[in-house]
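User: Could you walk me through this one? I'd like to start with the strands and then move on to the ligand.
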Amino acid sequence: MQQGEIAIEMNGITKIYPDGVIALRDVDLIVKKGEIHGLLGENGAGKTTLMRILYGEIKPSKGTIRIFGKKVRFRGPWDAMREGIGMVYQHFSLIPSFTVLENLVLSLSSTVKVTINQVKKKAETIIEKVGLNVPLNTRVELLDVGVQQRVEILKALMRDAKILVLDEPTSVLTPTEVDEFLEMLRKLKEMGITVIFITHKLREAKLITDSITILRRGRAVGVVETNKVDEAELAKMMIGRKIALEIPKKREGPMTGNVVLKVENLQVRDDKGLVAVKGVSLTLREGEILGLAGIQGNGQRELIEAIVGCRPVEKGNVIFMGENVTGMSPSEIYRKGLAYIPDSRAVGLVLDMDIVSNSILTRLKNFLGKGGRIMWSKAHSFSSKIVNEFEVLTDSLKTPVKYLSGGNQQRLLVGREVAQRPKVIIAAEPTHGLDVAATEYIRSLLAKLRDEGTAILLVSTDLDEILQLSDRIAVIYEGEIMAIGRPEEFTTERLGLLMGGVKCQTKN
Ligand SMILES: Nc1ncnc2c1ncn2[C@@H]1O[C@H](COP(=O)(O)OP(=O)(O)OP(=O)(O)O)[C@@H](O)[C@H]1O
Ligand SMILES: [Mg+2]
């Protein structure tokens, strides 16, 4: 094969982290120029680690890297950028109070001398060419995650990236945004840019990639041409066995359990001071999962934050187990038996703290002894129970949570809340970032808890998840409930229309 046809050649990459974790063993990765290459693997398989090595952010313990045929040894991301590599992480690195343009200037001026006008011109050209749809003069904090992500991609393209690494880019996107995103990847490919695409969504991998490398527990276990495999085969290669995608059974007949959570006419403002929840009323019964479907940014976050006490309620009431808890603090409400899984791990976990501390974070009072001291041995055994039950991959409970893979952080977060056997769980995107097996695990766990009588408000932008789990579905659009009904009353199309604000002519 001619030199230059291969964009990336990583050979024999081994990575042993300082704490002894062997994240990668003798991994080869070969990516052809101009292709979209998928990187698949379970949580903790080593995908992010491999890409951080490619990006010069961490050094391999062993192995060599060639970029466009040239052997390289990166001392840091700047070296990698110089060779044309750009990376967009699961978490963004933008300055919220700066405009998009200011962020671009900042990131570029660390390597070359530029004027604002030059940056603006170049950005506009790229935006036009790729169809990126990014407002240059808006402050980043006012942008939805989907747009922030495009800013990150723009940032990489501004540095003339020829290779773009995208780590689970679609996990923060809504279904329509995902389609637009895949369209953008096609454009990048047409421009000759080589893309590495990490995802847990086999459908996406199948749709967009040309070839795929599969990692399992730190080893590359296969390289396939995408059009020669189906999703089931990919899943099997990832996990090493066939997985039965078991759908938990839903309840038959009307809901008869006691009402445990009642939201009456709730009005709540968002961070910008706008009314984001406009008179929402909902009831949740023992033993039911109420799915709240909606496109991100339609008031779901404000609604649940108001329910759990992290956001002021402007009007209306939250009644929990018959008691009016409106305006109470989260810890008071938690103590009454409410659990909350926020949609962001950065909110739910303190990433610099270790696993034990994070395990007791939301129920600290339960772990305080005489004189207000933390009973560490009790905390330790609780934490170890979560780690075992939810299979959080780690060597030590003392590991800072930031060193866990994304999916393992999510397991810890969900595990901590569920392990308390709460009466009501508010779960926002509970399977966000989880691999296929872990997703099924969490979903069947939620269904099991429901069968045992727990009431669950499931907020999800994933329609499959909503349809699979919910006993009743409510659709929220621009802060209002568009419809509530049993799943069989909704088709995917109807849900899609309602989520976009279109009411259909069916009685409900
Ligand atoms: N900085 C670190 N120090 C120690 N161990 C780490 C560090 N970063 C990752 N690990 C460990 O290395 C392994 C691979 O993690 P990595 O983040 O690469 O997985 P991943 O495939 O990206 O998983 P996910 O799908 O959950 O994002 C995991 O066991 C993880 O706990
Ligand atoms: Mg990862």
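Analyst: A definition comes first: two strands count as paired if DSSP finds at least two bridges between them. In this predicted model, strand 7 (residues 163–167) and strand 8 pair in the parallel sense over five bridges, and Ile163 stands opposite Thr194 in strand 8.

User: Which other strand pairs with strand 8?
Analyst: Strand 3 (residues 36–41) pairs with strand 8 in the parallel sense, over four bridges, and there Leu39 stands opposite Ile198.

User: Is strand 8 buried or exposed, and why?
Analyst: Five of the five residues of strand 8 (residues 194–198) are buried, so the strand is largely enclosed by the rest of the structure. Thr194, Ile196 and Ile198 point one way while Val195 and Phe197 point the other way, and all are buried.

User: Switching to ligand 1, which residues come nearest?
Analyst: Of the 21 residues around ligand 1, the nearest are Gly44, Lys47, Thr48, Thr49 and Gly407. Helix 1 (47–54) and helix 14 (406–418) each supply at least two residues of the shell, and helix 1 gives the most, with three.

User: And which polar backbone atom is 3.2 Å from a nitrogen atom of ligand 1?
Analyst: That backbone atom belongs to Tyr403, while a polar side-chain atom of Tyr17 also lies 3.2 Å from a nitrogen atom of ligand 1. A backbone N or O atom of Gly407 lies 2.7 Å from an oxygen atom of the ligand. Taken alone ligand 1 exposes 640 Å², of which the protein buries 92%.

Terms used. Residues numbered from 1 in each chain as written. Chains lettered and ligands numbered in written order. Predicted model: local features only at pLDDT ≥ 70, side-chain atom pairs only at ≥ 80, totals over all residues. Heavy atoms only, no water. Buried < 20%, exposed > 50% of the residue type's maximum accessible area, 1.4 Å probe, protein only. Near = heavy atom within 4 Å. Polar contact = N/O pair within 3.5 Å; in protein donor to acceptor, adjacent residues only side chain to side chain. Areas by Shrake-Rupley, 256 points an atom, 1.4 Å probe, with all protein chains shown as cover.
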